[in-house]
Amino acid sequence: MKKWMMALALCSMIGIPAMAQEKEPAKEEKKTEAKEGEVKEGDKKEEGRKATAEDLKSNYQKPYKTKGNTWTHKSIAKYGDTEMVTYMKYEITEVGEKSAKYKLTMMDAEKKETFSMADQEFEFYEETPEETPAEGAEPVEIDAWVVKIKVEAGEFETILWKYGEGKDVSKTYMHKELGLIVKSESSGEGYSNVMELIEMKVQ
């Protein structure tokens with residue numbers, strides 16, 4: 001669980017019934033409550049299932065373990081009538097025993113570099129043994145889902161985390177095996193932002 005808290009912290013650094021009055025007889029509507037194996041998203045449902053502790057055991061450090069690994073995100077931010085498209089590319093430039101260095105390159109809508117930050121550091125950490133639940137203890141419920149989604153970089157099994165409610169909601173889809181952000185969505189009054197993985201080369 002610790003590694004997923006770290007992953008979500010990294011995400012934040014990079015970067016978020018009414019009653020109907022009807023004049024005609026109403027048609028019977030199907031309930032939209034999420035059942036096990038489904039994720040409710042308004043009128044849209046995504047196939048998936050509730051995540052377990054076993055699902056959260058991703059190899060979060062793997063993308064940083066090999067020099068030359070790269071991945072790129074595309075972000076589309078909308079503020080009122082204004083839309084801004086940016087790209088963020090990560091490239092592992094050096095791998096040591098205790099940490100790795102990477103270069104972050106920011107690009108505009110035409111994929112022209114606007115600025116870059118070299119020698120950013122990612123520190124490796126030791127895996128801690130999972131605590132064994134006490135005998136007879138109820139399993140801890142995890143408020144996350146395993147969902148398969150398709151983005152420009154491909155189709156991946158992800159862990160979906162959701163925050164907020166109503167119009168102010170955000171969702172983050174993390175690569176189930178590697179811990180990278182595959183897609184994130186956030187929205188609020190007058191704005192929205194969608195970021196997704198468009199390219200990934202990880203060994």
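What share of the 203 residues in the chain is made up of buried residues? In this predicted model, in which local features need pLDDT of at least 70 and side-chain atom pairs count only at pLDDT 80 or more, totals for chains, interfaces and linings use all residues. Residues are numbered from 1 along each chain as its sequence is written, and side-chain values use heavy atoms, with hydrogens and water left out. Buried residues amount to 35% of the chain, where buried means under 20% relative accessible area, exposed over 50%, and partly exposed in between, with a 1.4 Å probe and protein chains only.

The chain holds 1 helix and 11 strands, which are DSSP runs numbered from the N terminus (helices H or I, at least four residues; strands E, at least two). Read from the N terminus, the order of elements is α-β-β-β-β-β-β-β-β-β-β-β. Confidence is given as pLDDT, the predictor's value for each residue, from 0 to 100; its mean over the chain is 80, and 71% of the residues reach 70 or more. Over residues 1-44, pLDDT stays under 50, and the model has 60 contacts beyond four places in sequence for these residues, a contact being heavy atoms within 4.5 Å. Where pLDDT is low, the predicted coordinates should not be read in detail.

Aromatic side chains were examined next. Rings of Phe, Tyr and Trp (its six-membered ring) pair if their centres lie within 6.5 Å, and planes under 30 degrees apart count as stacked, over 60 as edge-to-face and the rest as tilted. By this rule there are 8 aromatic pairs. In one of them, the ring centres of Y64 and Y102 lie 6.1 Å apart with the planes at 65°, so the pair is edge-to-face. This pair links distant parts of the chain, since Y64 is in the loop between β2 and β3 whereas Y102 is in strand β5 (residues 99-107), 38 residues apart. Y64 counts as buried at 6% relative accessibility, and Y102 is buried as well, with a relative accessible area of 15%. The rings of F122 and F124 are also edge-to-face, because their centres are 6.0 Å apart and their planes stand at 65°. F122 counts as buried at 9% relative accessibility, as does F124 at 16%. One aromatic cluster is formed by Y60, Y64, W71, Y90, Y102, F122, F124 and Y125.

Two lysines in loops were then considered. K67 is placed in the loop between β2 (44-50) and β3 (70-79) and is exposed, its relative accessible area being 61%. Residues up to four places away in sequence not counted, K67 touches I92, T93, E94 and V95. Between K67 and Y102 there are 8.8 Å in space, C-alpha to C-alpha, although the two are 35 residues apart in sequence. K176, by contrast, lies in the loop between β9 (168-175) and β10 (181-188) and counts as buried at 13% relative accessibility. Its contacts, leaving aside neighbours within four places in sequence, are with R49, D55, S58, V146, E157, T158 and I159.

The accessible surface of the chain comes to about 14200 Å², of which carbon and sulfur atoms account for 48%; such areas come from the Shrake-Rupley method with a 1.4 Å probe, and for residues only the protein chains shown count as cover.
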